[in-house]
Amino acid sequence: MLSLNVVPSSSSVTFSKPSHQCFINAPPILKPNLLSRPHESGLKSSNLSLMHTSRIQHSITNLSCSNRFLSHPFEFLAKPRNQIVKAASNVNPEGEGAVPSNPKSKNLKLALVFGLWYFQNIVFNIYNKKVLNIFPFPWLLASFQLFVGSIWMLALWTLKLQPCPKITKPFIIALLGPALFHTIGHISACVSFSKVAVSFTHVIKSAEPVFSVMFSSVLGDRYPIQVWLSILPIVLGCSLAAVTEVSFNVQGLWGALISNVGFVLRNIYSKRSLQNFKEVDGLNLYGWITIVSLLYLFPVAIFVEGSQWIPGYYKAIEAISKPSTFYIWVLVSGVFYHLYNQSSYQALDEISPLTFSVGNTMKRVVVIVSSVLVFRNPVRPLNALGSAIAILGTFLYSQANSAKKAKKIEGEKNS
């Protein structure tokens, strides 16, 4: 027999059974759901009718869950630990979870990521070349671009818009090598931009996979025959484009080639020396590489061309007639240099490596076409054919390399 004791002056309701007692401390707003007080209903407590046992137990369960939800609203959203692990194991290569997402929203997000990345890259290349056309001092311009990136990252960390990583002495030591190669890659590309057309520099820079395969093979990595075959059209296309380039310059060619070497070695040594610092995300890593690269580059820039900066500045102002225009061009090149690199890291976080590689290949096509349209560079038919072959080879390399990585991951899972 279940007895119900109602105590009007207390905030607790006690249900007594022979086997156990259950105490529910319910807020006043929830109590009328179970029973009505005498002064509210006009009934005496002795005239209260007992609810059916199953209904009372169901009300107790609902009341307990309501109290629990009010005190811990997010507890009901959390998955059990075994479900979390299972969900994490069901992530596909594109980075989505097992729960299907809206294809339209995914495509829109992907379009925004690539659109922003391409736009920033185009703006940088155009204004970078405009500055170098009237102020041909790539060492100073490259240093200024690294300076803007350093100030940008320091502002993000200071304003707490980006979490500042914990920096240790081993991390700085491990960063010295990748930052040095990043400096070499950046200044070499700027030198190339100052000597030849933007389109030609990007065609030669599309040969970066060739250097990546060569250096990685020397260091012990093995590549299937498909990867080696994919770099042949890259070499062929770049060679044809170089031979038929109207603005051909030896320093411009060597600058682009050395830039490839620098960035490839940066990527290789970043994986080897920074693999123990996974708590530092990509954007913070690039920020610290930018700061260290500035410390590397600027003293050398003063030594190489510092004595020519002041006369070159007056010539640039005379050529453009409006100093403010020159300042805006320089500032835009610096800001968008950092922004497009930042967007590339963020794009890599949002999409798979394969999609990123394909997007990077198409980015070069967009930049080449944009620079030709803006600067009216003459393009010979054979030069266009060589550029197309080189870009196609880069695309084939990204496909073959991604297939190699997929087989490696599958083999590790099977083992």
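Predicted model: local features only at pLDDT ≥ 70, side-chain atom pairs only at ≥ 80, totals over all residues.
**Entry 1: H182.** I located H182 in helix 6, which covers residues 169-195. I then looked up the accessibility of H182 and found a relative accessible area of 1%. H182 therefore counts as buried, the cut-off being under 20%. Leaving out residues up to four places away in sequence, I listed the contacts of H182 as L146, F263, R266, Y286, I289, S293 and Y337.

**Entry 2: the UniProt record.** I consulted the unreviewed UniProt entry for "transmembrane region". The entry lists residues 110-127, 139-159, 171-194, 225-243, 250-269, 285-304 and 324-340. I checked two of these spans against the model. For residues 139-159 I noted 95% helix and 0% strand, with the end C-alpha atoms 30 Å apart. For residues 225-243 I noted 100% helix and 0% strand, and here the end C-alpha atoms lie 28 Å apart.

**Entry 3: the nonpolar patch.** I next examined the surface and recorded a nonpolar patch of about 530 Å². Its members are L180, I184, F248, V250, W254 and I258. Helix 6 and helix 10, the latter running over 250-273, each supply at least two residues.

**Entry 4: F248.** I traced F248 to the loop between helix 9 (225-243) and helix 10.

How values were computed. Residues numbered from 1 in each chain as written. Heavy atoms only, no water. Helix = DSSP H or I, 4+ residues; strand = E, 2+ residues; numbered from the N terminus. Buried < 20%, exposed > 50% of the residue type's maximum accessible area, 1.4 Å probe, protein only. Contact = heavy atoms within 4.5 Å. UniProt positions renumbered as here; feature names shortened; annotations may be inferred. Patch = residues over 30% accessible without salt bridge, like charges linked within 9 Å, V, L, I, M, F, W, Y side chains within 5 Å. Areas by Shrake-Rupley, 256 points an atom, 1.4 Å probe, with all protein chains shown as cover. Salt bridge = Lys/Arg side-chain N within 4 Å of Asp/Glu carboxyl O.
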